[in-house]
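Subject: The structure you asked about

Hi,

Have a look at it first, then read on.

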Amino acid sequence: MRCDFCGHEFSVEEANTGCRGCPFGGNCHMLKCPRCNYEVPKEPALIRKLKKIFGKFTGVKKEQ
Amino acid sequence: MSFLKRKSSCHGPQPDASCGAKKVALVGNPNVGKSVLFNALTGAYVTVSNYPGTSVEVTRGTMVTEGQSYEIIDTPGMYSLLPMTEEERVAREILLKDSPDLIIHVIDARNTERMLSMTLQLAEAGLPLMLVVNMMDEAERLGIDIDVALLAERLGVPVIGAAVAKKRGLTEIRHNIAHYTPRKAKLPAYSAWLEKDIADVASLLGGEYALDRKATALLLLQRDQTMMEMVAAGEGENYPVVEALLKEKTFMRRESFHLDLSVERKGIAKALLEGVFRAPEESRISMSERISTLAVRPWTGIPLLLLVLYFGLYQFVGVFGAGTLVDYLEEGFFEGHFNPWITVLIKDLIPWWAIQELFVGEYGIITLGFRYAVGIILPIVATFFLFFSLLEDSGYFPRLALLVDRLFKKIGLSGRAVIPMVLGFGCDTMATMVTRTLETVRERIIATLLLALAIPCSAQLGIIMALLSQYPRVLLVWLACLVIIFLVVGYLASLVLPGSAPIFYMELPPMRLPQLSNILTKTYSRMQWYFVEILPLFILASVLLWIGKLTHIFDMMAEEGGKVMLILGLPKETAVAFIFGFFRRDYGAAGLYDLQTKGLLNPRQLAVAAVTLTLFIPCVAQFLIMKKERGAKVALAIGLFVTTIAFGTGYLLNKILLAAGTL
């Protein structure tokens, strides 16, 4: 994914979450850019599923 | 903690071929193909270990070419020799402490001018350097032509054009590594004032350092902490003289040293690329670059910002979202159809008055909590997040950070604080947590205070826009009050809290045409979170209000609060909105919306109520996070300060408006 503030590209594993002690307890589904800490929303499961279905119909495959 | 892991090898463990080998470090921005080059040079057998004392992974491997063995180090991505992140610190530590025999700076051919700035820094540091202009194939596809031989001649270091993912240029890179001889790069001078500052500092340095004196002096002028510690150790008794000069110089240049230096480097890079980098006419100054330039220059950036706010926030969120959509949902659907139907249904099903009140009473879960959440808040946050995602996806926010950097420095912050401030318009609670990323404690406290005081969250902002859009003069009064309070309180806080002016420098990612799929995904994601988070809280608030009503505690609170409202020149019923505001900012604003639709507030009262409620104490969740991030004392002090300022401003505003008789 790409940070919308500084343009840094990072994977979900690299992202900061900052959930410890937060009253939202991880329910905000936000990931923080490891470079500037700007918050980027995690792709919702529904969108992932839709993309998968759409990909099947169009024959688009994710690049490895 | 350090750990080692090796990629599996069918030949079992191998002897460390890197013993006594020359070291070659690959450096560069993230995503320029460093790791692809590393893999191409080293093959499968590599060592991945955490850099000592950090969680940053550094990969090392071995290359054998022309009978000589080399240890290749793949460093974490870095944008500048002045580190801002742990990864950049590690990358620079490797350059300083591992003393590589050769540093290969890998850049993206498409962004040669932007990335050449770091090449200049590496060359200036006197490090043994080779430049690999990677992704040449991509650049050629865009019609870009790069004369690498001319660039090599101008820089005085080897420059190789490559497309390592397609194995282009690898033989040349290996050959140049094998035959590299250290040489001094040719570098154009900075402007006279900067060269003088550098020379003044460099002339005082007597110790031996890993970087050239010029680069060391420049990093000192940028207040690089690691370099200052190194120089303090290296200079010994002489250090106070160096430090005194640095203090003098950095104070003189405190306003814009980083920006000036960045502009100078950009100018040098541009001059070096004259005749080297040729792009098709239309791609030289693209529309996005033009907009980017307009967005960061004060004379064009501020009108552009006002236009964005007028159309995006006022017209789209305020008039359309909070006006048209809310009218349709709240008045049309809920008040017109759903609430009367559900009230009759519940009253038929449940015979007990108290339980009926819990669901469909004045403060009922369905008639108040659910109606507020779905009928009022949902359309507003939907339009707000749509507008927010559009700006976000276009790359406007980093330009906004640069635009307000100078202004923010006056209030003890820097452009970096735009991150929590912008996020605060989404949710102040999460934005308060983000303040921890600001450099100094002083900045964190000022940003936390301003978020609690003068940054309304999305739903609160939308509802206030909806309320005030019918009265443009009231809207102007509200906006002026918030801006003045934000700047005055920030300025006073920066005077009261000790500390120096923060530094802010960032590389701007390119602006781009927002992608519809990105905007919709982000909007959906944020709305999903918001709705899941607010609905239970609104239900809880309704239950608490119901208990309060049954036990008459709520009536007592409203009665007592009503007295304060009268002092502010507001009808005593407004106290209800303020009590709601304790639970959540947006709940309070929705309460105000109800009062306005009942015709209880005239324009003056609306202005006073909107200003006071916006400045009023942060919601419970924000208060909790303030306590966690800044400690109980600071959180309590901010809470008390915010309440005093809110009611004080409301009182004064009422008196001023009454005296002026303008509203």
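This is a predicted model: local features need pLDDT of at least 70, side-chain atom pairs count only at pLDDT 80 or more; totals for chains, interfaces and linings use all residues.

**Chain A**

Let's begin with chain A. Reading along its sequence gives the pattern β-β-α, that is, 2 strands and 1 helix. Of the 64 residues in chain A, 31% are buried. If you take the contacts in chain A between residues at least 6 apart in sequence, 40% of them join residues at least 24 apart.

**Where the chains meet**

Next, the contact between the chains. Chain A puts in 25 residues and chain B puts in 29. On the chain B side, the elements giving two or more residues are helices H16 (365-394), H17 (396-410), H18 (418-424), H19 (428-434), H23 (516-550) and H28 (620-630). Which of them gives the most to the side that touches chain A? That would be H23(B), with 9 residues. Sorted by class, this side of chain B has 16 nonpolar, 7 polar and 6 charged residues.

**A helix with a buried face**

Now find helix H1 of chain B, residues 34-42. Its buried residues are B:Lys34, B:Leu37, B:Phe38, B:Leu41 and B:Thr42. Just after H1(B) comes B:Gly43, with a positive phi of about 80 degrees.

- H7 (192-204) and H10 (239-252): their axes come within 9 Å and cross at roughly 170 degrees. That makes H7(B) roughly antiparallel to H10(B), and the crossing is left-handed. From H7(B), B:Asp197, B:Asp200, B:Val201 and B:Leu204 meet B:Val241, B:Val242, B:Leu245, B:Leu246 and B:Lys249 of H10(B). By class, that contact has 6 nonpolar, 3 charged and no polar residues.
- H8 (213-221) and H9 (225-235): these pack at an angle of about 120 degrees, with axes 8 Å apart. That makes H8(B) oblique to H9(B), and here the crossing is left-handed. B:Thr216, B:Leu219 and B:Leu220 of H8(B) meet B:Met227, B:Met228 and B:Val231 of H9(B). This contact has 5 nonpolar residues, 1 polar and no charged ones.

**Two loop residues**

Last, two spots in the loops of chain B. B:Glu66 is in the loop between strand E4 (57-65) and strand E5 (68-74), and has a positive phi of about 50 degrees although it is not a glycine. Is B:Glu66 buried or exposed? With 9 C-beta neighbours inside 10 Å, B:Glu66 counts as exposed.

B:Lys167 lies in the loop between strand E9 (159-161) and helix H6 (170-178). Its phi is near 65 degrees, again a positive value in a residue other than glycine. B:Lys167 has 11 C-beta neighbours inside 10 Å, so B:Lys167 counts as exposed.

Cheers

Key. Residues are numbered from 1 along each chain as its sequence is written. Chains are lettered from A and ligands numbered from 1 in the order in which they are written. Two residues are in contact if their C-beta atoms, placed from the backbone, lie within 7 Å. Helices (H or I, at least four residues) and strands (E, at least two) are DSSP runs, numbered from the N terminus. Ala, Val, Leu, Ile, Met, Phe, Trp, Tyr, Cys and Pro count as nonpolar, Asp, Glu, Lys and Arg as charged, and the others, Gly among them, as polar. Axes are lines fitted to C-alpha atoms, for helices over the stretch in contact, and angles run from 0 to 180 degrees between N-to-C directions. Angles under 35 degrees count as roughly parallel, over 145 as roughly antiparallel, 65 to 115 as roughly perpendicular and the rest as oblique. A crossing is left-handed if the near helix is turned anticlockwise from the far one by less than a right angle, and right-handed if clockwise. A residue is buried if 20 or more other C-beta atoms lie within 10 Å of its own, exposed if 12 or fewer, and partly exposed in between; C-beta atoms are placed from the backbone.
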